[in-house]
Amino acid sequence: MKKNRLFAVLVIALATIALSAPAPLLAQTPAPAPAPAQAPSPAVPATPASQDKRINGKWHFVFDTQGGDREFNAEFSVDADGNVTGTWEKEPATGTYKDGHLLMTFDTHSEEANETAPLHLDGKLDDSNTITGTWQFSSYDGTFKATHPKP
């Protein structure tokens, strides 16, 4: 019985001390830590539209010239930035291809004209995978049509 009475006195004493403590001491009781804020998910960078790869591969060009049709073979490859590399009748060829527009300028040699000069090609690739446009070499120019050769 004495233990119960002693316990009751201690509980009352502790409650009295706690309740009579100044408010600043009560305020110092650490508050529960807030849940960590979720970091915003990083923005996903916009993926550029993938490059149109239809320009890749072998091509057969037919130039309309004053002396009649002239035929040439080429092979192109386009990278993700639209840079075209390849060959024109086994010589290096470079240019750009963006939004269906092929624009190339590179040096080539014409046996017929016995001249080396820049060849300029400016064409559009249509839905039937045909490139049509204009060409210019030295003092010559005209139109062209190019298609993928049949296997």
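**Entry 1: terms and ground rules**

Helices (H or I, at least four residues) and strands (E, at least two) are DSSP runs, numbered from the N terminus. I am working with a predicted model: local features need pLDDT of at least 70, side-chain atom pairs count only at pLDDT 80 or more, and totals for chains, interfaces and linings use all residues. Residues are numbered from 1 along each chain as its sequence is written, and side-chain values use heavy atoms, with hydrogens and water left out.

**Entry 2: the barrel**

I looked up the overall strand order. 8 strands close into a barrel, in the order E1-E2-E3-E4-E5-E6-E7-E8, with antiparallel pairing. From one strand to the next, the twist averages 30°. For that angle, axes are lines fitted to C-alpha atoms (for helices over the stretch in contact), and angles run from 0 to 180 degrees between N-to-C directions.

Strands of a sheet pair through backbone hydrogen bonds, either parallel or antiparallel. Two strands count as paired if DSSP finds at least two bridges between them.

**Entry 3: strand by strand**

I began with E1 (residues 57-65) and E2 (residues 68-78). They pair antiparallel over 9 bridges. Asp 64 has Asp 69 in E2 as its bridge partner. The hairpin from E1 to E2 passes through 2 residues.

Which strand does E1 join through 5 bridges? It is E8 (residues 140-147), and the two run antiparallel. Here Val 62 stands opposite Lys 145 in E8.

Next I took E3 (residues 83-88) and E4 (residues 91-98). I found 6 bridges between them, again in the antiparallel sense. Trp 88 has Glu 91 in E4 as its bridge partner.

E4 also joins E5, through 4 bridges, and these strands run antiparallel. Thr 96 stands opposite Leu 103 in E5.

Leu 125 is partnered with Ile 131 in E7.

**Entry 4: positive phi**

I checked backbone angles in the turns. Most residues other than glycine have a negative phi, and most peptide bonds are trans.

Where did I find positive values? The hairpin of E3 and E4 has 2 residues between the strands, and Glu 89 takes a positive phi near 50° there. Lys 90 has a positive phi near 75° and is not a glycine. Lys 90 is exposed, with a relative accessible area of 81%. My scale for this: buried means under 20% relative accessible area, exposed over 50%, partly exposed in between (1.4 Å probe, protein chains only).

The hairpin of E4 and E5 also has 2 residues between its strands, and Asp 99 in the turn has a positive phi of about 50°. Ser 138 has a positive phi of about 55°, although it is not a glycine. Ser 138 lies in the loop between E7 and E8. Ser 138 is partly exposed, at 28% relative accessible area.

**Entry 5: salt bridges**

How many salt bridges does the structure hold? I found 2. The test is a side-chain nitrogen of Lys or Arg within 4 Å of a carboxyl oxygen of Asp or Glu.

Arg 54 forms one with Asp 52, the closest N and O atoms being 3.1 Å apart. Arg 54 is partly exposed at 29%. Asp 52 is partly exposed at 24%.

Arg 70 and Glu 112 also meet in a salt bridge (2.7 Å, N to O). This pair links distant parts of the chain: Arg 70 is in strand E2, Glu 112 in the loop between E5 and E6, 42 residues apart. Arg 70 is partly exposed at 24%, whereas Glu 112 is exposed at 59%.

**Entry 6: the largest pocket**

Rolling a probe the size of a water molecule over the atoms shows where empty space is left. On a 1 Å grid over the protein atoms alone, a cavity is a set of points where a 1.4 Å probe fits but cannot get out; a pocket is an open set with protein on both sides within 12 Å along at least five of seven lines, and lining residues have an atom within 4 Å of a point.

The largest pocket has a volume of about 490 Å³. That volume is the space filled by probe spheres set on the points, and grid points are joined across faces, edges and corners. Its lining has 21 residues, with Phe 72, Ser 110, Glu 112, Trp 135 and Phe 137 nearest the centre. E5 (101-110) is one of the strands that supply at least two lining residues each. E5 gives the largest share, 3 residues.

By class, the lining has 8 nonpolar, 7 polar and 6 charged residues. Ala, Val, Leu, Ile, Met, Phe, Trp, Tyr, Cys and Pro count as nonpolar; Asp, Glu, Lys and Arg as charged; the others, Gly among them, as polar.
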